Amino acid sequence: MAETGSEEPEASYDAVVIGTGSGGKLAAIELARLGHSVLAVEAGRFGGECPYVACVPAKSMLLSARAGLTWAEAVTRRDEATAGRDDSGSLKSLTDEGVAVLRGRARLVADPGGDGRPGHRLVVDRGGHGTVELAAPVVVLGSGSSPSRPPLEGLDGVPTWTSDEALSADEQPARVVILGGGAVGCELAQAFVLLGTGVVMVEVAERLLPAETVWVGRLLAEQLRADGVDVRVGASAQRVEATDSGRALRLHLEGGEEVEADRMLVCGGRSPNTSGLGLDLVGGRLEKSGAVSVDGRCRVLRPDGEPIAGLYAVGDVTEVSSYTHSANYQARIIAADVAGRGYDADYSAIPRAVYVHPAVFCVGLTEEQAVERGIDVRTASFAVADVERATLWGHAVPPPGRREVRGRVELVADATSGVVLGASCVGPEADSWGAELALAVRARLDVHLLSEHVRAFPTWSEAIYPPACTLDEEIAGRP
Ligand SMILES: Cc1cc2nc3c(=O)[nH]c(=O)nc-3n(C[C@H](O)[C@H](O)[C@H](O)COP(=O)(O)OP(=O)(O)OC[C@H]3O[C@@H](n4cnc5c(N)ncnc54)[C@H](O)[C@@H]3O)c2cc1C
């Protein structure tokens, strides 16, 4: 069994997984648990982005910042949480499950037809250690995504960080400008400002988190401003130039405003890693966005919409839902299909969480999305500040200045059936207590049950009760 990723692989396996991020790693483990011989090939760090430069360090920095730690203390804790970005733990968790591992960059190649081995053909470039050829009837593409760089004039000439660098850097910048007000931009803005960096945030849309319902982004902007972030929404970056002999920058916004900073954090989304995968050689289809086209069972599709036997894709490279929990879900969908128990994934209730304080937790349809789809819906909302837990929070939770409870719960239900279609929550720890609403959406629960369900006192989740009762009364006429 390979232990370091540099041992000689076999010539063929039952399954080869390309990329061991959240999706690829779990797919490899699940397939091995089914009794298959599995090889996981990794070009970077075993474990992918999440444990080293994405989810884990972002949450670690946020928690440290909220606890009032200094930058240096936060960096120490972040490096403990990410094991110093050393991937030996992830590698071991694969080999412990019986997965063979190989360091290198894999690509699919056309089957020259006739060497007798079943399935797909791959070549792995092992850097200084040459190449190896492999064959496997099942191949899972889990190559993930990389930060995109916006086409902003002057960007290449100024000091920039993507989230990868911002979450692995040791030095604290004095002033940053964050380009992009999505989930990653908001998390970095709050972590950095609470740790003492001056933060300006520039978002071209009229609100932060533009994909969510209108009030969510507005409420978040209120909080970030209260934290000290200079939030500029509806602000279009025109060009950027270097100042101070290239050590700082000046960003020019439409309308003549200028922002000065030491570093620009580019948080403008991510692009799927498909270049060099060889997908074209095996007849796979890419979406317009560049993502691998998959069906409900995560099978890679041909241009005619038919699945390619034994070829799957998982995680960000599919762009279906770019979260670790979605990648994990897709990995289980793939394992079930390989085991002959295939079923289509249901993405209707994938949580969309942002781990700032107060946290954001959204699931299912927003009112706007429901209306776009022609669904007649009713909505009701409630201020989180009005539950008993908020009173306790105000009395007991330090640090001062963070006692005011900002938050709201909004439920969206079908106006005829009363089925819960979506929910948006902002509030302390909403990332945890919102989970009840994800289950309600997934189970297509009648809002009546949500209004009757008994929640522990005094918890934040009690904020779900009033809007559920309002909707139940409006839709079913039940007082
Ligand atoms: C700052 C930040 C914070 C985030 N926070 C959260 C969060 O709190 N919760 C959440 O659910 N999601 C979060 N996400 C999203 C989450 O990180 C991603 O959705 C998840 O990591 C995607 O996993 P993946 O399986 O697609 O692969 P990735 O983690 O992208 O890994 C892909 C791997 O494939 C390897 N690879 C690529 N090409 C090849 C090749 N040809 N051969 C071999 N190996 C290859 C790469 O080296 C890489 O290791 C966050 C993202 C960012 C940027």
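The protein chain has 15 helices and 24 strands, both being DSSP runs numbered from the N terminus (helices: H or I, at least four residues; strands: E, at least two). The model is predicted: local features need pLDDT of at least 70 and side-chain atom pairs count only at pLDDT 80 or more, while totals for chains, interfaces and linings use all residues. Residues are numbered from 1 along each chain as its sequence is written, and side-chain values use heavy atoms, with hydrogens and water left out.

**Overall form**
- The C-alpha atoms of the protein chain fill a box of roughly 70 × 65 × 40 Å along the principal axes.
- Of the 479 residues in the protein chain, 52% are buried (under 20% relative accessible area, 1.4 Å probe, protein chains only).
- Contacts (heavy atoms within 4.5 Å) between residues at least 6 apart in sequence join residues at least 24 apart in 64% of cases.

**Helix 1 and helix 9**
- Helix 1 (residues 22–33) packs with helix 9 (residues 324–338) at an angle of about 30°, their axes 8 Å apart; axes are lines fitted to C-alpha atoms over the stretch in contact, and angles run from 0 to 180 degrees between N-to-C directions.
- The two helices are therefore roughly parallel to each other (angles under 35 degrees).
- Residues of helix 1 in the contact include Leu 26, Ala 27 and Glu 30, and those of helix 9 include Ala 331 and Arg 332.

Notes
Angles under 35 degrees count as roughly parallel, over 145 as roughly antiparallel, 65 to 115 as roughly perpendicular and the rest as oblique. Buried means under 20% relative accessible area, exposed over 50%, partly exposed in between (1.4 Å probe, protein chains only).
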